Amino acid sequence: MPIQDRFRRAKGRLHGSRGFTLIELLIVLAIVSLLLTLALPQYFHTIDVSKEKVLSENLLVTRDAIDKFYGDVGRYPDSLDDLVDKHYLRALPFDPITDSATTWIIVPPDEQFPGKVYDIKSGAEGATRDGVAFGAL
């Protein structure tokens, strides 16, 4: 067999073996799916924990603004919008659990104190990962 035929035949084999086999693709897909099954639960857990921390921080900041409003004005605000209007807050606090700024449960003060907003609680149902109800935070 002449050398030119051998060269052409070898060149044809190189060009013919450019793709992946089905087995190779299935092995890669199995490895990727295994890695995803290990990583996704931790990812979703991290999202839930971060939402709880954001909710806790929003409640802390809003309660502090309510206390400052009472200290400055001598009464509690009539609504959360009063805190925004008087620049105690830049915007209404956002509840990351309910994905809304309108689901807050407003706790009124005792009758001897003027105003309507003494405290706020989350309107979300359920509990944190520690077992504390969202409404009790």
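This is a predicted model: local features need pLDDT of at least 70, side-chain atom pairs count only at pLDDT 80 or more; totals for chains, interfaces and linings use all residues.

User: Which residue does tyrosine 88 form an aromatic pair with?
Analyst: The partner is phenylalanine 69, and the pair is edge-to-face, with 5.4 Å from centre to centre and 65 degrees between the planes. Phenylalanine 69 lies in helix 2, whereas tyrosine 88 lies in the loop between helix 3 and strand 1, so the pair ties together parts that are 19 residues apart in sequence.

User: And phenylalanine 69, buried or exposed?
Analyst: Phenylalanine 69 is buried, with a relative accessible area of 0%.

User: How many aromatic pairs are there in total?
Analyst: The count comes to six aromatic pairs. There is also an aromatic cluster, which is formed by Tyr70, Tyr76, Phe113 and Tyr118.

User: Back to tyrosine 88: what separates its C-alpha atom from that of alanine 65?
Analyst: The two C-alpha atoms are separated by 5.7 Å, although the residues are 23 apart along the chain. Alanine 65 sits in helix 2 and is buried, with a relative accessible area of 4%. Leaving out residues up to four places away in sequence, alanine 65 touches Leu83, Tyr88 and Leu89.

User: Which other residues of helix 2 are buried?
Analyst: Besides Ala65, the buried residues of helix 2 are Glu52, Leu55, Asn58, Leu59, Thr62, Ile66 and Phe69. What covers the buried residues of this helix includes helix 3 and strand 2.

User: What span does helix 2 have, and where does it bend?
Analyst: Helix 2 has 52 residues and reaches 74 Å from its first C-alpha to its last, which is close to the 76 Å expected at 1.5 Å a residue. There is a bend of about 30 degrees at alanine 39, and proline 41 follows within four residues. After the helix comes glycine 74, whose phi is positive, near 90 degrees.

User: New topic: which residues touch the most other members in the largest nonpolar core?
Analyst: That core has 14 residues, and those touching the most other members are Ile66, Leu80, Leu83, Trp104 and Ile120. Helix 2 and helix 3 are the elements that give two or more residues to the core, and helix 2 gives the most, with five.

User: What does tryptophan 104 touch?
Analyst: Not counting residues up to four places away in sequence, tryptophan 104 touches Leu55, Leu59, Leu80, Pro93, Phe94, Asp95, Ile120, Lys121 and Ser122.

User: Last one: what does the side chain of aspartate 119 make a polar contact with?
Analyst: The side chain of aspartate 119 makes a polar contact with the side chain of arginine 63, at 2.7 Å. Aspartate 119 is found in strand 2, and because its relative accessible area is 15%, under the 20% cut-off, aspartate 119 counts as buried.

Terms used. Residues are numbered from 1 along each chain as its sequence is written. Side-chain values use heavy atoms; hydrogens and water are left out. A nonpolar core is a set of buried Ala, Val, Leu, Ile, Met, Phe, Trp, Tyr and Cys residues joined through side-chain atoms within 4.5 Å. Buried means under 20% relative accessible area, exposed over 50%, partly exposed in between (1.4 Å probe, protein chains only). Contact means heavy atoms within 4.5 Å. Rings of Phe, Tyr and Trp (its six-membered ring) pair if their centres lie within 6.5 Å; planes under 30 degrees apart count as stacked, over 60 as edge-to-face and the rest as tilted. A polar contact is a pair of N or O atoms within 3.5 Å; within protein, one must be able to donate a hydrogen and the other to accept it, and residues adjacent in sequence count only if both atoms are side-chain atoms. The expected span of a helix is 1.5 Å times one less than its number of residues. The bend at a residue is the angle between axes fitted to the seven residues ending there and the seven starting there.
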